[in-house]
Amino acid sequence: TALEQFGSSAMGALTTSLGFLGYYLLSSLPLWLGGLSVALCLSFLVNNNTFAELSYILGVIVGLPAVLENLGRYVDPIFTTLYQFTLSYPFSIMNGATPETGLDWAFTGQCWAIGLGWTLAAALIGLVLFHRKEIK
């Protein structure tokens, strides 16, 4: 009957949507953790929390990707390669994806590598610069 067909197609669409949502979350989690690590590192380095968060948003999230992307276009393609290692780049790829085009698991691995790289960089900066600083 028509009701059974509607129910099975709705269930298929729900399954596809939930699978895609899970894929997005699995790909986004390391990027969020990497960003959080950098934000915490900046908040411990800079005395003014407002300035630290503005530095994070305008510097790491907006400024660095824009500068690297434009340098890659107009100066040297190596900057485009560096742009692909920013926290914003994978999100721009995910924004253009649809369930029909999909994303592959290699991209999820790339997201994990980028997120862990930013987390390790923030941890190393913290180890070096917080050596003699009292954290309140």
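## A buried tyrosine to start with

Tyr83 has a relative accessible area of 11%, so this residue is buried. Here, buried means under 20% relative accessible area, exposed means over 50%, and partly exposed is in between, with a 1.4 Å probe and protein chains only. Tyr89 counts as buried too, at 17% relative accessibility.

Before going on, a word about the model. It is a predicted one, in which local features need pLDDT of at least 70 and side-chain atom pairs count only at pLDDT 80 or more, while totals for chains, interfaces and linings use all residues. Residues are numbered from 1 along each chain as its sequence is written, and side-chain values use heavy atoms, with hydrogens and water left out.

## The overall picture

The protein has five helices and zero strands, giving the pattern α-α-α-α-α along the sequence. These elements are DSSP runs numbered from the N terminus: helices are H or I with at least four residues, and strands are E with at least two.

Of the protein's 136 residues, 26% count as buried. Its accessible surface is about 9000 Å², and carbon and sulfur atoms make up 71% of that; the areas come from the Shrake-Rupley method with a 1.4 Å probe, and for residues only the protein chains shown count as cover. Among contacts with a separation of 6 or more, 64% are between residues 24 or more positions apart, where contact means heavy atoms within 4.5 Å.

## The nonpolar core

In soluble globular proteins, nonpolar side chains tend to be buried together. A nonpolar core is a set of buried Ala, Val, Leu, Ile, Met, Phe, Trp, Tyr and Cys residues joined through side-chain atoms within 4.5 Å. The largest one here has 15 residues, and Leu31, Val38, Tyr56, Val60, Leu87 and Trp118 touch the most other members. Helix 1 (2–45), helix 2 (49–74) and helix 5 each supply at least two residues of this core.

What is Leu31 in contact with, leaving aside its neighbours within four places in sequence? The list is Leu87, Pro90, Phe91, Met94, Cys111, Ile114 and Gly115.

## Aromatic pairs

Rings of Phe, Tyr and Trp (its six-membered ring) pair if their centres lie within 6.5 Å; planes under 30 degrees apart count as stacked, over 60 as edge-to-face and the rest as tilted. By this rule there are three aromatic pairs. One of them joins Phe44 and Phe130, whose ring centres are 5.9 Å apart with planes at 85°, so the pair is edge-to-face. Phe44 lies in helix 1 and Phe130 in the segment after helix 5, so this pair ties together parts 86 residues apart in sequence. Phe44 is partly exposed, at 34% relative accessible area, whereas Phe130 counts as buried at 17%.

Tyr83 and Tyr89 also pair: their ring centres are 5.3 Å apart and their planes at 75°, so this pair is edge-to-face.

## Two residues up close

Thr119 sits in helix 5 (residues 105–129) and is partly exposed, with a relative accessible area of 25%. Not counting residues up to four places away in sequence, Thr119 touches Leu33, Gly34 and Ser37. The C-alpha atoms of Thr119 and Gly35 are separated by 7.6 Å, although these residues are 84 residues apart along the chain.

Ser88 belongs to helix 4 (residues 88–95). Is Ser88 buried or exposed? With a relative accessible area of 18%, Ser88 is buried. Beyond its neighbours within four places in sequence, Ser88 is in contact with Ile61 and Pro65.
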